[in-house]
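Dear colleague,

I am handing over the structure we spoke about, with the sequence alongside. Please look through both before reading the notes that follow.

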Amino acid sequence: MLSYAFTELGDPVTVGDLIRSDGYVQVGRLPIDAGTVADAFDGSPARLTVGDVMGLTFSLPDMKFSGPNVAVKDLKRVLSDSGETEKKIAKQFGLTATELAAHSVRLWDKSFSARRDELAGPDANAQKRGRVSRELKAELQERLDKSREFRSRGNN
């Protein structure tokens with residue numbers, strides 16, 4: 001109604017224009033990035049990421065999060081598929097389980113161990129799984145290096 005009234009006064013005003021800001025808007029019980037909500041009202045596909053929901057990190061297994069933005073459903077899926085292997089990998093790389101899961105979503109769309117098992121094959125011995133793990137660790141290290149370089153240049 002307000003959008004229509006402003007439009008009648010001159011330039012077109014969308015619902016997205018009315019709520020777009022640098023803050024958050026309350027959608028149900030979640031405070032969500034206002035720009036993301038405004039984009040959805042303006043017709044952009046709605047893709048909610050971890051960074052769009054204020055305080056979401058407190059409902060995840062880790063209390064901090066500095067990994068890439070990924071869809072919440074993908075992050076939850078990979079976290080639920082993660083186990084001891086992922087705990088060891090996360091520790092080795094200085095990541096939280098959530099950060100490793102987010103990078104895993106970006107790299108493989110699945111957990112580290114699921115990707116390792118997929119590449120090694122169902123009949124793989126420990127030696128082959130180890131070789132594939134080293135290759136995946138190298139991929140992960142390359143991604144982390146690029147991510148850290150990007151952030152060090154003042155980008156988030």
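**What was found**

Read from the N terminus on, the elements of the chain follow the order α-α-β-β-α-α-α-α-α-α, which amounts to eight helices and two strands. Please keep in mind throughout that this is a predicted model.

For the chain as a whole, 35% of the 156 residues count as buried, and the accessible surface comes to about 9,800 Å², with 52% of that surface belonging to carbon and sulfur atoms. Among the contacts with a separation of 6 or more, 47% are made by residues 24 or more positions apart.

In helix α5, which covers residues 84-93, the buried residues are Glu-86, Ile-89, Ala-90 and Phe-93. Seen down the axis of α5, these buried residues fall within an arc of 100°, and they therefore line one face of the helix. The face of α5 turned away from that buried side carries the exposed residues Glu-84, Lys-87, Lys-88, Lys-91 and Gln-92. Just after α5 comes Gly-94, which takes a positive phi of about 70°.

The other helix is α6, made up of residues 97-108, where Ser-104 has its place. Is Ser-104 buried or exposed? With a relative accessible area of 1%, Ser-104 is buried, because that value lies under the 20% cut-off. If its neighbours within four places in sequence are left aside, Ser-104 is in contact with Val-78, Asp-109, Lys-110, Ser-111 and Phe-112.

Key
Residues are numbered from 1 along each chain as its sequence is written. This is a predicted model: local features need pLDDT of at least 70, side-chain atom pairs count only at pLDDT 80 or more; totals for chains, interfaces and linings use all residues. Side-chain values use heavy atoms; hydrogens and water are left out. Buried means under 20% relative accessible area, exposed over 50%, partly exposed in between (1.4 Å probe, protein chains only). Helices (H or I, at least four residues) and strands (E, at least two) are DSSP runs, numbered from the N terminus. The arc is that of the directions from the helix axis to the C-beta atoms. Contact means heavy atoms within 4.5 Å. Accessible areas come from the Shrake-Rupley method with a 1.4 Å probe; for residues, only the protein chains shown count as cover.
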